[in-house]
Amino acid sequence: MRRVSSVILAAVFILSIIFVLPASQNADAAGSYPFIFNDEILYLVDTQPIIYKGEFTCVPSEKLLEKIQAKAVYEAETNTYHVTRGRITLSFNLTSGYSSSDQMSYFYAPGFYQNNSYYLPLEYVADNFDLLFTKISDGLFHLQSQPSKITDEQWIRIFKTKTSDTAADKKTPTFYLSFDDEPSSYTGEILENLRKSGVTATFFMTEQNMKAYPAMVRRVLNEGHTIGLSPSKNIGAGAATSAVTNSINSANDTFQKITKQRVFLVMPLSGQREAFTQNVRNLLTASGYRIYDANITLPDSNTGEAAATTKSEFGAIVKYIKWNSNIKITSKRNSAELIADVVARKDYSLVEMTEFTEPVNYFSDFR
């Protein structure tokens, strides 16, 4: 029965539902739990939360049955809840917790009545109604019948873009545009494309790259863009606290030698997020740094990254995002195309990131 939930699904769209459990982190508004169905964000109220029964993930049936076009009948005499979709009927005995279907004899798959709703086990419903159910991250569940253009990883990113309790109230989100692993041999071209588009961006730089391209560091600053710092590329997930903080401070020293200034925006490179432990963040913020991260990444479509968000997928993803977000363009070769696509959209406000910008990060650390 759990075999379906162990499968890592590639996509969702035509018939998909995503459930997000922790209201404090993922609820769009107080007292509701968002999920996705057919490209539409819907909500479960917090008075009818998701409930675990052993290995089963149980949800209120009303909205679920409506969306998958199933009907239900309660039989009081036997205390049984019958659910029919097409030619298949599932029968949930609310007393024993056992269920049966046209294709399977009695099996423990608890249906029950609680919080003024009939609850159904998603795994069992998915198996018998020819749907696919997957837990794609902690508290994030995925039910589908057909594939979509949006992958599981991209849905995770969509829901992780919320980074504060009040951001959901914003009608038009604020987006920031950034480039990491800078400067590079492509930085001049990126600057020209930004100039043509009339927008400013934030360039997060490593010490090695600044030493290799000092003139480009000065050019980025002179053309009105914001500069931040990232640790050295050799800093990995298990790096010591001192290694991370020393790398940032050393990078700032190099930046000061080149520009006679210091900066205090910090963002981890790809793969460095786990290195930014609570201790690291405490030490950095105590030194005046503010920590940012990328909610949306636009790599080159041929980078081979499994979680890559390409230009063609950007429009499909960004329409869901209601919260302040940082768009990171890691592609150097097609920046003109990606910048133009980011600038052209009207469903967010694109502004400059500064040291006074509230941090956007996955740590919920807004200092």
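A salt bridge is a side-chain nitrogen of Lys or Arg within 4 Å of a carboxyl oxygen of Asp or Glu. The model shown in these views is predicted, and by this rule it has seven salt bridges.

**View 1. The salt bridge between Arg 273 and Asp 293.** The side chains of Arg 273 and Asp 293 come together with N and O 2.6 Å apart, which counts as a salt bridge. This pair joins distant parts of the chain, the two residues being 20 apart. Arg 273 belongs to the loop between strand S18 (265-266) and helix H9 (278-286), while Asp 293 lies in the loop between strand S19 (290-291) and strand S20 (296-298). Arg 273 is partly exposed, at 35% relative accessible area. Asp 293, in turn, is buried, with a relative accessibility of 4%.

**View 2. The salt bridge between Lys 211 and Glu 207.** An N-to-O distance of 3.5 Å links the side chains of Lys 211 and Glu 207. Both residues belong to helix H6 (residues 207-212). They are four residues apart there, and therefore about one helical turn separates them. Lys 211 is exposed, with 56% relative accessibility, whereas Glu 207 is buried, at a relative accessible area of 13%.

**View 3. The salt bridge between Glu 223 and Arg 219.** In this pair, the closest N and O atoms of Glu 223 and Arg 219 are 2.7 Å apart. Glu 223 has a relative accessible area of 36% and is partly exposed. Arg 219 is also partly exposed, its relative accessible area being 29%.

Notes. Residues are numbered from 1 along each chain as its sequence is written. This is a predicted model: local features need pLDDT of at least 70, side-chain atom pairs count only at pLDDT 80 or more; totals for chains, interfaces and linings use all residues. Side-chain values use heavy atoms; hydrogens and water are left out. Buried means under 20% relative accessible area, exposed over 50%, partly exposed in between (1.4 Å probe, protein chains only).
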